[in-house]
Amino acid sequence: MNIDMLVFGEDWGEHPSSTQHLITQLLPEQQILWINSLGLRRPRLNSADLRRAWHKISKMISQQKQNEALGRASDQSMNPLSNQLQILNPRAISWPGNPLARSLSSQLLKRQILPLLNASANQSQKAKSPLLWTSLPSAVDVVGKLNERACVYYCCDDFSALDGVDHGPVSRMEQELAQKSQLIITASSKLAAKFPDHKTWLLPHGVDTSLFSSPAPRADDLPSDGPVAGFYGSLAGWFDQRLFTLLAKLLPHWTFVLIGPAKTDISALLEQPNIRWLGSKPHHELPRYSQHWDVSLLPFLQNPQIKACNPLKLREYLAAGSPIVSTDFPALDGYRDLVKVSHSAAGFAEELEAIYRNRQNLKAIRTIRQQRVEKESWQQRGKELKSLLDEL
């Protein structure tokens with residue numbers, strides 16, 4: 001494999017992030033080494049962190065067994081998915097605020113990655129130094145040490161406010177990374193404002209228009225009795241549980257469906273008899289829900305993280321043709337005529353009831369929603385990205 005690009009992102013194969021969507025668009029022309037997630041906080045002795053650690057160890061063990069079964073002599077932490085993409089589960093230390101841990105982690109990463117790059121260079125006399133792409137500030141300590149020709153920082157979150165992050169140390173790492181990067185790409189104008197204008201570009205999120213706009217059969221576990229409203233995504237600190245709980249109490253004849261991993265305690269939600277948590281679902285199955293429930297919901301808290309966010313599900317809901325009721329945040333700009341906005345549970349309830357009363361008259365609006373995002377596909381975003389990288 002001739003490695004054209006190093007990518008530091010979240011764990012490949014999890015619910016796809018914008019990084020995965022964009023990198024997928026580059027795969028036909030680039031051979032990519034994807035390095036699974038480097039931590040953004042010091043591990044803690046709790047059940048969630050222990051589960052995450054065991055999950056990572058299990059993945060490395062299963063990959064080692066798979067590689068041994070195939071008789072490969074390659075690095076046993078490697079997982080080849082295709083001729084164009086390989087995955088590295090890195091051995092690294094997650095402790096952003098500790099200089100010694102950062103130094104040791106940098107050395108560990110170099111020892112794992114440099115031999116792969118050297119082997120790649122030896123395969124072709126015309127091979128050039130790879131491009132380094134990172135979506136995580138925690139990769140800053142290897143920038144400039146992997147013989148890369150340039151560094152791209154892809155910023156999709158406000159790490160100074162992101163839930164589950166050691167904010168101070170990670171923000172300082174991000175500042176270092178911005179100085180070292182030749183190109184910074186952000187998902188929102190709020191994020192772009194943090195970085196130097198001369199090397200920062202805005203690239204809004206896209207949507208898999210084919211997946212979400214093509215008719216999909218109704219999911220078997222989606223409730224069918226009475227009106228249904230739904231949300232999918234991580235149930236984390238930015239999800240407004242209080243609003244959602246009050247809404248369920250105000251509309252006892254509605255069923256409220258939640259899809260996604262619980263990153264925080266959701267026991268108060270599950271106490272409501274008309275709230276159904278269906279757990280996580282594969283990304284490709286989400287249209288089987290969003291195309292068939294009556295209303296899609298975006299119940300976010302008002303905080304700095306949400307003010308900087310550009311949620312993928314907004315465009316996915318629109319591509320599915322679904323009516324949307326949401327709390328207010330800047331990324332709604334450009335779509336506000338297609339989204340009902342409210343700040344209270346009572347306002348949400350009024351909007352849901354109005355949408356359900358007029359559901360027979362919404363077919364034309366459904367088409368308008370889909371048309372609004374049909375030119376915002378990930379394929380189109382991929383073309384924009386390729387132009388930026390070519391200029392770099």
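Start your tour at the open sheet of six strands, whose order is 11-10-9-12-13-14 with parallel pairing. Keep in mind as you look around that this is a predicted model.

**Stop 1: the edges of the sheet**

Select residues 275–277 for strand 11 and 339–341 for strand 14; these are the edge strands, and each of them pairs on one side only. Now turn the view to look along the sheet: from one strand to the next, the twist averages 25°.

**Stop 2: strands 12 and 13**

Next, pick residues 295–298, which form strand 12, and residues 324–326, which form strand 13. The two run in the parallel sense and are paired over three bridges. Which residue of strand 13 stands opposite Leu-297? Show the side chains and you will find Val-325 there.

**Stop 3: a helix on the sheet**

**Stop 4: helix 7**

Move on to residues 241–250, helix 7. Begin at its start, where a side-chain oxygen of Asp-240 comes to within 3.4 Å of the backbone nitrogen of Arg-242. Then colour the buried residues of the helix: Gln-241, Leu-243, Phe-244, Thr-245, Leu-247 and Ala-248. What do these buried residues pack against? Their partners are strand 10 (255–259), helix 8 (267–270), strand 11, strand 12 and helix 12 (345–357).

**Stop 5: where helix 7 meets helix 12**

Keep helix 7 on screen and bring in helix 12. Their axes lie 8 Å apart, and the helices pack at an angle of about 50°. An angle of that size makes helix 7 oblique to helix 12. The crossing of the two helices is right-handed. To see the contact itself, display Leu-243, Leu-246, Leu-247 and Leu-250 on the helix 7 side, with Ala-345, Ala-346, Phe-348, Ala-349 and Leu-352 on the helix 12 side.

**Stop 6: Asn-122**

For the last stop, go to helix 3 (residues 99–123) and select Asn-122 within it. Is Asn-122 buried or exposed? Its relative accessibility is 68%, so Asn-122 counts as exposed, the cut-off for that being over 50%. Finally, select Asn-2 as well: Asn-122 and Asn-2 are 120 residues apart along the chain, and their C-alpha atoms are separated by 8.8 Å.

Methods
Residues are numbered from 1 along each chain as its sequence is written. This is a predicted model: local features need pLDDT of at least 70, side-chain atom pairs count only at pLDDT 80 or more; totals for chains, interfaces and linings use all residues. Side-chain values use heavy atoms; hydrogens and water are left out. Two strands pair if DSSP finds at least two bridges between them. Helices (H or I, at least four residues) and strands (E, at least two) are DSSP runs, numbered from the N terminus. Axes are lines fitted to C-alpha atoms, for helices over the stretch in contact, and angles run from 0 to 180 degrees between N-to-C directions. Buried means under 20% relative accessible area, exposed over 50%, partly exposed in between (1.4 Å probe, protein chains only). Contact means heavy atoms within 4.5 Å. A polar contact is a pair of N or O atoms within 3.5 Å; within protein, one must be able to donate a hydrogen and the other to accept it, and residues adjacent in sequence count only if both atoms are side-chain atoms. Angles under 35 degrees count as roughly parallel, over 145 as roughly antiparallel, 65 to 115 as roughly perpendicular and the rest as oblique. A crossing is left-handed if the near helix is turned anticlockwise from the far one by less than a right angle, and right-handed if clockwise.
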